[in-house]
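Load the model in your viewer and keep the sequence panel open. The stops below each name a selection and say what to look for.

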Amino acid sequence: MSSFLKALRPIACVLSLSLAAGCGDACLNLANQICSCQPDDNSKAACNQRAKEAEAQFAIRPADEKTCQNLIDAKACDCNKLNTEEGRRNCGLVVNP
């Protein structure tokens, strides 16, 4: 599996908003936190839709759930931090080149 696909697994978890079996409470909570930062209802709905599509493509492992919990504990994904490139990178939303 390419390193790009491996990097997308935690992102898929972060963005997963549905209650399907693959992603636990930590990833659901983190995804809700991230999508709540969207400026309006249409953007929030689009974020939710992207999350559902990503979740269908990637199986989430226990290690991914741990990553989500670590991001929550570090407060790495609050709305103010997501306004910057560095904040998005630290939250796992930007794949480093």
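Is D64 buried or exposed? D64 counts as buried because its relative accessibility is 2%, where buried means under 20% relative accessible area, exposed means over 50% and partly exposed lies in between, with a 1.4 Å probe and protein chains only. This is a predicted model, in which local features need pLDDT of at least 70 and side-chain atom pairs count only at pLDDT 80 or more, while totals for chains, interfaces and linings use all residues. Residues are numbered from 1 along each chain as its sequence is written, and side-chain values use heavy atoms, with hydrogens and water left out.

**Stop 1: D64 and R61**

Keep D64 selected and show the helix around it. D64 sits in helix α4, residues 62–73; helices here are DSSP runs of H or I with at least four residues, numbered from the N terminus. The side chains of R61 and D64 meet in a salt bridge, at 3.1 Å from N to O. A salt bridge is a side-chain nitrogen of Lys or Arg within 4 Å of a carboxyl oxygen of Asp or Glu. R61 counts as partly exposed, at 38% relative accessibility, whereas D64 is buried.

Show the backbone of R61 as well. Its nitrogen lies 2.8 Å from a polar atom of the D64 side chain. That is a polar contact, meaning a pair of N or O atoms within 3.5 Å; within protein, one must be able to donate a hydrogen and the other to accept it, and residues adjacent in sequence count only if both atoms are side-chain atoms.

**Stop 2: the other salt bridges**

How many salt bridges does the structure hold? There are 3 salt bridges. For the next ones, select E85, R88 and R89. E85 forms a salt bridge with R88, where the closest N and O atoms are 3.5 Å apart. Both E85 and R88 lie in helix α5, 3 residues apart, about one turn of the helix. R89 also forms a salt bridge with E85, and there the closest N and O atoms are 3.3 Å apart. R89 and E85 are 4 residues apart in helix α5, again about one turn. Salt bridges that share partners join E85, R88 and R89 into one network.

Colour these residues by accessibility. E85 counts as partly exposed at 40%, R88 counts as partly exposed at 28%, and R89 is partly exposed with a relative accessible area of 32%.

**Stop 3: the disulfides**

Select the cysteines and show their sulfur atoms. A disulfide is a covalent bond between the sulfur atoms of two cysteines. Taking a disulfide as a pair of cysteine sulfur atoms within 2.5 Å, the count comes to 4 disulfides. Among them are the following pairs.

Begin with C27 and C68, joined by a disulfide with an S to S distance of 2.3 Å. The link of C27 and C68 is right-handed, with 90° about the S-S bond. C27 lies in helix α2 (residues 25–35) and C68 in helix α4, so the pair ties together parts that are 41 residues apart in sequence. Both C27 and C68 are buried.

Next take C37 and C79, whose disulfide has an S to S distance of 2.0 Å. The link of C37 and C79 is left-handed, with -90° about the S-S bond. C37 is in the loop between α2 and α3, and C79 is in the loop between α4 and α5; the pair links distant parts of the chain, 42 residues apart. C37 is partly exposed, with a relative accessible area of 23%, and C79 counts as partly exposed at 34%.

Then select C77 and C91, which form a disulfide with sulfur atoms 2.0 Å apart. The link of C77 and C91 is right-handed, at 110° about the S-S bond. C77 is in the loop between α4 and α5, and C91 is in helix α5, 14 residues apart. C77 and C91 are both buried.

**Stop 4: helix α3**

Finally, select α3 and look along its axis. Which residues of α3 are buried? The buried residues are C47, A51, A54 and E55. They lie on the same side of α3, because they cover an arc of only 100° around the axis, the arc being that of the directions from the helix axis to the C-beta atoms. On the other side of α3, D41, N42, A56 and Q57 are exposed.

A side-chain oxygen of D40 reaches to within 3.0 Å of the backbone nitrogen of N42.

Note on methods. Helices (H or I, at least four residues) and strands (E, at least two) are DSSP runs, numbered from the N terminus.
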